[in-house]
Amino acid sequence: MEYKTKKKIKKITQHLVLGTFTLIMLYPLVWMLGSSFKESSEVFVDAHAIFPESWKFSNYVEGWEGFAGITFTTFYKNTFIIVIISTVGSIFSSALIAYGFARIPFRGKKLWFVIMMLTMMLPFEMTMIPQYIMFNWFGWIDTYLPLILPTFFGIPFFIFLIMQFIRTIPKELDQAARIDGCNTFSIFTRIILPLVVPALMTSAIFSFYWRWDDFMAPLIYLQTPEKYPVSLALKLFSDPEAVTNWGAMFAMTSLSLLPIIVIFFIFQRYIVEGISTSGLKG
Amino acid sequence: MKQINDETSPLEKTLKSNQKGPKFNFKRTKKKKMESGYENGMGYLFISPFIIGTVALTLFPILYSLYLSFNEANLVGGNTWIGLGNYKEMFTSDPMFWKAMEVTFLYAGTAVPIRLVFALLVALALNKVVEMVGVYRTLLYLPSIVGGSIGVSIMWRQLFGNDGAFNGVLSSVGLPTHSWLGDPGTAIWTLVVLYGWQFGSSMLIFLAGLRNIPRTYYEASEVDGARPIQQFFKITVPMLTPVILFNTIMQVIQGFMAFTPSFVITNGGPMNSTLLYVLYMYKQAFQFFSMGYASALAWVMLLIIAIFTALIFKSSERWVHYDN
């Protein structure tokens, strides 16, 4: 009896501490969402309040109008073009490369694998300047090519993740397929690809996140506001010197996080597994 | 390297190589037997996108950047070879370079440990709780999943602004408010807190590591009379060290490379107190168009990261424990 109550008290304390901590961590996000429904005049009075005095839903409509005559319809469309093309490109190429590394013995494989692990740790910022000069030679500045094309050569993180997955598939399957007359490529498309769908999903979700959040590449490559993705547009839209409608700014900022959060809640399992097994950064 | 005996049949070889499981293991028997010309070709065909991409988008750029760093270069005109000029200028007559170094080391040196310690503590707490772990895990991971987004940086700027929520909370409980972003002494800390706040993905990796520690270790030590504290330092920590190593390396690189927060929240100010290295590099390259100087900056940072990674790896021989 006493042991039971003791256990119960311990449990309640645990949840109390963890729950409070979680609420504090989430406060900034909830506060931002709340502020997106506030009147601009209310944003700075009682700034920390979560709920607005009166709910102003029209912030979202006003914010959507964007700036310089370009609405957020354009910015979201641009983002989706970049995100979808580069995600498809990176997933397919990464799967192809992963299969080559995981299943085919060839000379120099070890060397290329080491190179891949090194490029995985090499930050984009280190090659940014020469890449910019190179794309400038090609006349690709202010196009989406510098943002999309590099993803078609495989993303080391995804290659690694898919490789780990392919290794769990018994090699006997490949051999059986070969006896049945499959060549290397059709083993890849018919046997391996269908079996690594979970790894492809995880890669696709992370690709979506990284492209959606990508800020630095659009910042240096895109010049025409009509071509801006949401991330870059939001930066201009929210410049403290230019903003007058604070409610609308909060509305568009909150909205830009919505796709990330929705995808997170739908595909949580893949994300958690992806991070836990390969240490992908979120 | 242990070679598999030559007498074993091909089937046995495959079986043996299968038993090795998911590891980086490219041990082969006789090279020439295994790699037929066909397979060599196929292998290179499959990884060809990677090879093309690496040569064109990594190897060439990184070498070109090395060349540029010895030049006075801009986007339109030609390059003028100045030898070590850029490096000399950087180290001897550019106070901004030293400022950026100082800010970046302060930032990475505090933000990375804060995030890792936070992630570890929360993972340990979650590992103890039986009920609703999924809910806590999901909610605590949320800051991390949105954290890289520009929207969060914008929100942070408002949160710590003069009329922002943080000052609102302070004044509502009777504490003095402060110009967090306007004061060169505090601005960098708002960025550090933002980095620490996104501890979620490290937490998940730690949590997975904790789950992998066999329960029997704890049970056995309990029988031997170990107290929880002893269990923590003798079982939990040593078993987690490989995960800690991985997390540390990734986070150190990420910490040195931080850009968006300082660009959006403070743009390096006030008085360059938040001038992170990559922001300085960006300004040199894309605002002053000193491509040569910016490339030299990139190479110095690359060397610093390489040295740090090597040091962490080297030291890991002493503190990382591999179970098998």
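## Burial and overall shape

Of the 282 residues of chain A, 43% count as buried, meaning that 20 or more other C-beta atoms, placed from the backbone, lie within 10 Å of the residue's own. The model is predicted: local features need pLDDT of at least 70, side-chain atom pairs count only at pLDDT 80 or more, and totals for chains, interfaces and linings use all residues. Residues are numbered from 1 along each chain as its sequence is written, while chains are lettered from A and ligands numbered from 1 in the order in which they are written.

The radius of gyration of chain A is 24 Å, whereas a compact globule of 282 residues would have one near 19 Å; the radius is taken over C-alpha atoms, and the globule rule is 2.2 Å times the number of residues to the power 0.38.

## Helices and annotated spans

Chain A contains 14 helices and 0 strands; helices (H or I, at least four residues) and strands (E, at least two) are DSSP runs, numbered from the N terminus.

An unreviewed UniProt entry places the feature "transmembrane region" at several spans of chain A, including residues 80-99 and 111-133; positions follow the numbering used here, feature names are shortened, and annotations may be inferred rather than shown by experiment. Residues 80-99 of chain A are 100% helix, with end C-alpha atoms 28 Å apart. For residues 111-133 of chain A, the helix share is 91% and the end C-alpha atoms lie 29 Å apart.

## Contact between the chains

In chain B, 74 residues are in contact with 72 residues of chain A, contact requiring C-beta atoms, placed from the backbone, within 7 Å. Helix α3 (residues 37-68) of chain B gives the most to the side of chain B that touches chain A, with 19 residues.

How values were computed
Two residues are in contact if their C-beta atoms, placed from the backbone, lie within 7 Å. A residue is buried if 20 or more other C-beta atoms lie within 10 Å of its own, exposed if 12 or fewer, and partly exposed in between; C-beta atoms are placed from the backbone.
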